[in-house]
Each structure stands twice: as C-alpha cells, then as structure tokens.
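Please view the sequence and the structure before reading on.

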Amino acid sequence: MALNLMDLQLLESIGLGLGLGVAAGFRVVVPFWVLSAAALFGHLELTSGMTWLSSTTAFVGLSIALVVEILAYSVPWLDNVIDTVALPVAAVAGTLLMAIAANQLDPFAQWSVAIVAGGGAAATVKGLNGLTRLVSTATTGGATNLIIAGVELVGAIVISLLALVAPIVMFVLVLAVFILLVRFAIKAFYRSKKAAPEAE
C-alpha cells in the first residue's frame with residue numbers, strides 16, 4: 001500500500017512538473033505566477049527552498065513580469081524576436097519547474113527528469129509556438145499573431161491550473177500527445193522513404 005502511495009505521489013509530481021513545463025513553453029512567466037498565487041493564498045505548500053514564491057513581493061513582481069510579457073507578445077515582429085530569446089529561457093524554466101515538482105527524488109534522478117522531461121517539454125512547445133508565429137507573420141504579415149498570443153496565454157493559464165488540480169490527468173494527457181507525435185513522426189519518416197525511390 002505504501003509503495004502504491006509513493007508511486008501515486010511520484011506520478012502526481014511528474015504530472016505537475018510536465019504540466020508546468022508545457023505551460024512554460026507557452027508563456028515563461030505564467031506557471032511561476034500561478035504557483036506564486038496558489039502558494040500565497042494557501043492552496044499549495046512549497047518546499048523550503050521555494051517558499052519565496054509564496055511572498056507578496058514575489059507575486060507582485062511576477063504579476064508585473066506577466067503584464068510585460070503579455071504586452072511584448074502583442075507587438076507584431078517583436079514577438080518573433082522574443083521567441084528566439086524565449087526558447088532557451090523556456091527550457092531552463094521547464095527544467096526548474098520539474099525540479100521543484102520532483103523534489104522527493106534523489107538529486108541525480110530529480111535533475112535528470114527535470115532536464116529531459118521538464119526542459120524538453122517546454123522547449124518543444126516553445127519551438128512549435130515560435131514556428132507557428134513565424135508562419136503567421138510570413139503569410140498574414142502578423143495580422144493573426146495577436147490571436148495566437150491570446151490562445152497561448154489562455155493555454156498557459158489553463159494548463160498550469162490543470163497541472164495543480166489534476167496532475168495525473170496532465171501526466172496522461174502529455175504522455176498521450178507524446179505518443180501521437182512519435183507515431184506521426186515515424187509515419188512521416190516511412191512515407192518519405194517510400195516517396196524517395198518513386199522520385200528516382
């Protein structure tokens with residue numbers, strides 16, 4: 001029973017970290033802001049090293065950073081420049097968020113999972129978002145970028161909240177999406193190999 005409980009807690013931690021990592025891929029500040037708000041209002045207990053997030057100062061600072069981030073993504077062309085810088089920042093944020101969530105693991109396992117899962121999820125999502133925005137800018141002159149920015153913001157907030165409320169659901173969702181992406185990549189690879197001989 002104790003082992004099952006530990007497994008469940010580990011799944012919840014990984015689900016929380018994955019969800020926050022994905023959210024960081026949409027918006028770097030949002031998952032930290034959600035964590036800060038949840039801790040400040042007593043809905044989440046942070047580890048001793050992260051209690052600073054539950055302070056009013058941290059929440060106000062993150063709120064200002066969030067407003068700046070929202071405004072920056074509202075400016076056409078500037079959003080593409082920010083995406084370039086935000087990719088490595090999102091990867092670092094995703095890694096940190098997963099490390100916070102998976103703090104019950106030993107340090108090696110904690111940071112291994114954090115880098116691969118948290119950082120990987122954030123970087124993948126940020127890369128796809130950046131590509132979508134780049135295509136939008138090239139095809140519409142940035143006319144639809146504001147819509148994309150709004151969807152990303154709402155997505156980051158919803159995913160962060162879902163990760164806090166239902167981390168196991170988030171774990172299953174992220175795993176399912178990963179499996180679908182891998183299957184799609186494998187099918188695309190085999191199609192390209194079949195098309196190559198025909199082209200010759």
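## The setting of P167

P167 has a relative accessible area of 13% and is therefore buried, since buried means under 20%. The model in which this value was computed is a predicted one. P167 is found in helix α7, which covers residues 167-199.

Leaving aside residues up to four places away in sequence, P167 touches E12, G15, L16 and L162.

Helix α4 spans residues 78-101 and has 24 residues. From its first C-alpha to its last, α4 reaches 32 Å, close to the 34 Å expected at 1.5 Å a residue.

Where in α4 does the kink lie? The kink is at A86, shortly before the proline P88, and amounts to about 40 degrees.

## The packing of α2 with α4

Two packed helices are described by the angle between their axes and the distance between the axes. Helix α2, residues 29-40, packs with α4 at an angle of about 30 degrees, and their axes are 10 Å apart. Angles under 35 degrees count as roughly parallel, so α2 and α4 are roughly parallel to each other.

On the α2 side, the contact is made by P31, F32 and L35, and on the α4 side by A93, L96 and L97. By class, this contact of α2 with α4 has 6 nonpolar residues, with no polar and no charged ones.

Technical notes: Residues numbered from 1 in each chain as written. Predicted model: local features only at pLDDT ≥ 70, side-chain atom pairs only at ≥ 80, totals over all residues. Heavy atoms only, no water. Helix = DSSP H or I, 4+ residues; strand = E, 2+ residues; numbered from the N terminus. Expected span 1.5 Å × (residues − 1). Bend = angle between axes of the 7 residues up to and from the residue. Buried < 20%, exposed > 50% of the residue type's maximum accessible area, 1.4 Å probe, protein only. Contact = heavy atoms within 4.5 Å. Axes fitted to C-alpha atoms, helices over the stretch in contact; angles between N-to-C directions. Parallel < 35°, antiparallel > 145°, perpendicular 65-115°, else oblique. Nonpolar A, V, L, I, M, F, W, Y, C, P; charged D, E, K, R; others polar.
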